[in-house]
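Try each task before reading its solution.

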Amino acid sequence: MRHRVIWLTIFFVTSTIVFLGGVIFVLLFQIPDIYQELQIPEGSIRKDQSGQMIAKITNLFNELKNNEQKWGLRCSIDQLNSYIQEDFMQSIGSGSDLPKKVNDIRVSIGDDIYVGFRYQSFCGEVIVSIQFRVWLVAHETNTICLELIQLKAGSIPLSPHLLLDFITESAHQANMGISWYRHKGNPVALLKYQADQLLPTMIIDCLRAENGELLISGRSTEVDEVTKSNP
């Protein structure tokens, strides 16, 4: 009788482990609906929208390079995703800093920003989803808040804290000061562009992501200084 109880216990525990493992496997490799919806079909429309995005990016870089008094970029979610899916990984230097296991990035812009991508894990390809919110801090020059709301692998929630080191390193590479605090339990990065300069060469006036559009604009302070010296 005792042996029978032992074998039944082993069978129950093993069955439970197998069942839970199967559930986790299914959830891990589940593709979120939002990620699927962001796929832009190959063809002339995607190429045209990608070309529009490339033109906008090129224009922004030229404005910054030439110290234009005002600079900016406004794009739609379709233009951004078309560019990412059509030309981003092939653009010179664009995808060079991404981990080799990351591909097929897709973005959604609403009240929050969603970024999803395929990640080649040791057990197969997983869709990683990141949800965050970003805004300019009022009355603080070139200071941006980035609030991490959610991180998932498939449908399995992960701790957003797994991204903290990556964001910190990326901020330092972009010449941004960074500090962390918590808001309603979420980690929030306080990012300051050109934090090491008393007089930044450019001022970010607007950073807004809403209604399927991304808008960023600002001005060059070097132009202001030239104007003051040559009234």
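This is a predicted model: local features need pLDDT of at least 70, side-chain atom pairs count only at pLDDT 80 or more; totals for chains, interfaces and linings use all residues.

Numbering runs from 1 along each chain as its sequence is written, and side-chain values use heavy atoms, leaving out hydrogens and water.

**Exercise 1.** Describe how strands S7 and S8 pair.

Solution. Start with the ranges: S7 covers residues 176-183 and S8 covers residues 186-193. Strands are DSSP runs (E, at least two residues), numbered from the N terminus. Pairing requires at least two DSSP bridges between strands. S7 and S8 have eight, in the antiparallel sense. Next, find a facing pair: arginine 182 is opposite proline 187 of S8. Finish at the turn. Two residues lie between the strands of this hairpin, and lysine 184 has a positive phi near 55°.

**Exercise 2.** Determine whether asparagine 81 is buried or exposed, and list its contacts.

Solution. Locate asparagine 81 in helix H4, residues 77-86. A helix here is a DSSP run of H or I, at least four residues. Asparagine 81 counts as buried because its relative accessibility is 1%; buried means under 20% relative accessible area with a 1.4 Å probe, protein chains only. Now take contacts (heavy atoms within 4.5 Å). Leaving out residues up to four places away in sequence, asparagine 81 touches Leu38, Ile40, Ile105, Arg106 and Val107.

Technical notes:
Buried means under 20% relative accessible area, exposed over 50%, partly exposed in between (1.4 Å probe, protein chains only).
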